[in-house]
Amino acid sequence: MRHITRYGFVLWTAARQQWVYRAELAMRAIQMVLFMGVFMALWATAFDVSGRVKLAGYTMIEMVWYLAMTETITLSSSRVFTEIGEAVRAGNVAYTLTRPLSYPFYQMANSLGNSAPRFLLNLLTAAIVVGLGTRQVAGSLPGSAAFLGMAALALLIDALVAVLIGLMAFWIEEVMPIFWIYQKLLFTVGGLFLPLEMFPDWLRRVAKWLPFQFITYVPARAFVAFEPKFVLQAVGGQVAYLVALTALVTFVWQRAQRRLVVHGG
Amino acid sequence: MTAIQTQQLTKTFVTREKQPGLKGSVRTLFRPVRRETRAVKGITFAVEEGERVAFIGPNGAGKSTTIKMLTGILYPTSGQAQVLGERPWQARQKLAYEIGAVFGQKSQLWYHLPPKDSFDLLARIYELDKETCRQRQAYLVEMFEIGEYLQTPVRKLSLGERMRCEIAASFLHHPRILFLDEPTIGLDVVIKQRIRDLILELNQQEEVTIFLTSHDAGDVEKLCKRAMVINHGEVIYDGRVSTLKRNYIRTKTISLKLEEPWQGFDRGGRGDGSGVRLLKHKGYGVKLEVDTGIAPIEDVVSQLLARYAVADINVDNPPMEEIIARIYEAPPQEEAR
């Protein structure tokens with residue numbers, strides 16, 4: 001319990017520091033408005049051209065709300081790897097390591113503190129834009145509750161991946177390319193732009209087992225089409241990946257610690 | 001009780017050397033050329049609790065690497081070390097409650113937040129209870145005179161203000177050992193002096209063991225009783241600072257800015273006999289070296305002030321590099337302590 005409060009306070013401090021970046025936060029909100037505006041127009045055309053009411057089981061309204069939710073999560077995803085990389089390069093990692101804390105979990109808390117305020121802002125912006133644009137709400141009350149819970153788990157998984165990418169900085173100088181690969185996988189097999197139902201059969205079967213859809217597709221899908229069975233299965237998958245990634249991060253950290261070189265005197 | 005003990009502590013870094021050019025890059029990819037750098041070569045020493053020890057040496061001598069092994073940040077390649085009875089790299093988190101560190105070239109405060117927020121976070125991390133934390137903060141704030149900028153974001157503080165906050169932050173959890181790695185780097189004389197006084201006061205009041213590295217001979221002189229000189233990863237001197245001072249920090253330099261042209265300076269006695277040597281002079285600027293064994297610095301300064309109209313005067317210790325170079329020329333006899 002006392003550990004949770006310690007890491008919780010790290011999270012809280014990181015979240016407060018976000019206030020300094022409020023100009024950047026505002027830019028992100030504008031970005032969200034643009035994205036959602038473009039996607040609403042695109043999907044309206046796509047549905048018009050197809051002449052159908054539903055595509056892969058989604059109505060136009062559902063599709064747009066699905067996108068609002070996946071965008072909310074991806075635009076809130078953690079960038080903590082840049083901070084870890086910078087700390088390794090400049091040697092500030094030395095200070096963090098003199099604390100009675102686990103380094104990767106400290107960075108997890110730091111990461112969640114960064115993404116939580118962004119998530120709330122993105123969610124609010126996306127909901128307002130899509131709400132005004134479509135004048136309809138696709139989600140239900142249980143769907144919204146499921147989304148919030150599953151999005152929280154998704155952000156945890158995402159933070160673990162970001163810490164993992166950050167720890168790579170102990171081996172290689174530049175970790176950004178690894179993030180780009182991860183990001184593109186979220187865009188595609190994670191179901192950011194297209195829900196998994198639209199994939200060809202074989203690809204959907206592969207994607208179902210990968211961690212990426214647990215970050216974007218799963219919470220958004222639970223929001224637009226709430227089914228208790230789906231939610232249970234998906235949460236099970238999320239928890240399984242959380243456990244596996246935690247083990248992996250712990251293992252990689254043990255390795256990283258042994259090969260740490262502190263730069264800069 | 002022994003605070004720090006090392007036996008044959010060694011750290012070797014392996015770096016991959018890249019050969020120049022595209023051809024070199026390709027060759028490095030398939031046949032990497034590894035180069036081993038022995039940063040610390042089997043050093044052995046012990047520090048008692050409450051001692052104030054300076055760990056000095058030129059750049060790249062292995063000082064920081066040693067500190068980082070003693071704080072548990074780096075794994076040694078071989079050898080042993082015990083800090084308060086624990087192996088630092090194995091009991092890093094446990095030991096963290098007992099030790100503090102100040103790295104002069106790095107920052108532990110949250111850059112965009114006021115120092116107060118960092119203090120509060122550290123209090124949580126070190127699990128100080130509310131009352132202890134409040135008292136401790138009040139005490140350190142008063143001592144370091146940082147009350148004024150406790151609520152100012154760190155990025156807006158000057159280096160001197162920030163460093164006082166940094167050091168105060170390292171004392172927050174009552175460490176039994178404080179490792180200071182270049183704590184006064186880049187600070188002006190007044191702030192340096194202030195920081196030394198504070199560290200000294202805390203050492204005396206709370207018996208904190210001080211383990212210091214510095215390029216500043218003044219830090220060493222004012223703060224420490226014992227000095228270990230390390231060069232090329234080996235301890236070449238371990239003894240009292242007073243001995244080091246008597247033998248090697250015998251000179252000070254005086255930099256003058258005059259309001260009239262330099263016309264020489266005669267204290268009586270010939271050549272080096274006066275204890276004052278002209279290092280260089282250009283226009284109204286003059287630099288003198290004073291052998292304090294022969295000419296007390298106060299005397300020289302007052303004589304200079306009587307002889308010339310002086311716009312500015314500065315008295316400095318010789319840089320650490322120079323002292324170490326001298327130790328190298330004539331290695332000292334290790335004395336029994």
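This tour moves through a predicted model, stop by stop, naming what to select and what is found there.

**Stop 1: chain B as a whole**

Select chain B first. Its C-alpha atoms fill a box of roughly 65 × 60 × 50 Å along the principal axes. The chain contains 11 helices and 13 strands. Of its 337 residues, 36% count as buried. Among contacts in chain B with a separation of 6 or more, 73% come from residues 24 or more positions apart.

**Stop 2**

B:Val53 has B:Phe211 in strand 7 as its bridge partner.

**Stop 3**

Is strand 5 of chain B mostly covered or mostly uncovered? Strand 5 is mostly covered, with 5 of its 5 residues buried. B:Ile99, B:Ala101 and B:Phe103 point one way from the strand, while B:Gly100 and B:Val102 point the other way.

Strand 5 and strand 6 of chain B run parallel, with 5 bridges between them. One place to look is B:Val102, whose bridge partner in strand 6 is B:Leu180.

**Stop 3: the three-stranded sheet of chain B**

Another open sheet in chain B has 3 strands in the order 2-1-4, with antiparallel pairing. Its edges are strand 2 (33-48) and strand 4 (78-83) of chain B, each of which pairs on one side only. Neighbouring strands here are turned by 25 degrees against each other on average, direction ignored.

Select strand 1 (residues 2-17) of chain B together with strand 4. The two run antiparallel and share 5 bridges. Across this pairing, B:Thr10 stands opposite B:Ser78 of strand 4.

**Stop 4: where chain B touches chain A**

Now show both chains. Here 26 residues of chain B are in contact with 23 residues of chain A. On the chain B side, the elements that give two or more residues are helix 2 (63-70), helix 3 (92-96), strand 5 (99-103) and helix 4 (115-125). Which of these gives the most? Helix 4 of chain B does, with 4 residues. By class, the chain B side divides into 13 nonpolar, 7 polar and 6 charged residues.

**Stop 5: the largest nonpolar core**

The largest nonpolar core has 150 residues, and B:Ala54 and B:Ala227 touch the most other members. Helix 7 (residues 141-167) of chain A gives the most to this core, with 17 residues. Select B:Ala54 to see its contacts beyond four places away in sequence, among them B:Leu212, B:Val220, B:Leu223, B:Ala227 and B:Val241. Apart from this core lies another of 7 residues, including B:Leu256, B:Leu258, B:Val276 and B:Leu304.

**Stop 6: helix 7 of chain A**

Select helix 7 and helix 10 (residues 217-224) of chain A. Their axes come within 8 Å and cross at roughly 175 degrees. Since angles over 145 degrees count as roughly antiparallel, helix 7 of chain A is roughly antiparallel to helix 10 of chain A. Among the residues that meet are A:Phe147, A:Met150 and A:Ala154 in helix 7, and A:Val218, A:Ala222 and A:Phe223 in helix 10. This contact has 10 nonpolar, 2 polar and no charged residues.

Finish at A:Leu167, also found in helix 7 of chain A. A:Leu167 is buried, because 24 other C-beta atoms lie within 10 Å, and 20 or more are needed to count as buried. Beyond four places away in sequence, A:Leu167 touches A:Ile84, A:Pro104, A:Val252, A:Trp253 and A:Ala256. A:Leu167 and A:Arg255 are 88 residues apart in sequence and 9.7 Å apart in space, C-alpha to C-alpha.

Technical notes: Residues are numbered from 1 along each chain as its sequence is written. Chains are lettered from A and ligands numbered from 1 in the order in which they are written. This is a predicted model: local features need pLDDT of at least 70, side-chain atom pairs count only at pLDDT 80 or more; totals for chains, interfaces and linings use all residues. Two strands pair if DSSP finds at least two bridges between them. Axes are lines fitted to C-alpha atoms, for helices over the stretch in contact, and angles run from 0 to 180 degrees between N-to-C directions. Two residues are in contact if their C-beta atoms, placed from the backbone, lie within 7 Å. Ala, Val, Leu, Ile, Met, Phe, Trp, Tyr, Cys and Pro count as nonpolar, Asp, Glu, Lys and Arg as charged, and the others, Gly among them, as polar. A nonpolar core is a set of buried Ala, Val, Leu, Ile, Met, Phe, Trp, Tyr and Cys residues joined through C-beta atoms within 7 Å. A residue is buried if 20 or more other C-beta atoms lie within 10 Å of its own, exposed if 12 or fewer, and partly exposed in between; C-beta atoms are placed from the backbone. Angles under 35 degrees count as roughly parallel, over 145 as roughly antiparallel, 65 to 115 as roughly perpendicular and the rest as oblique.
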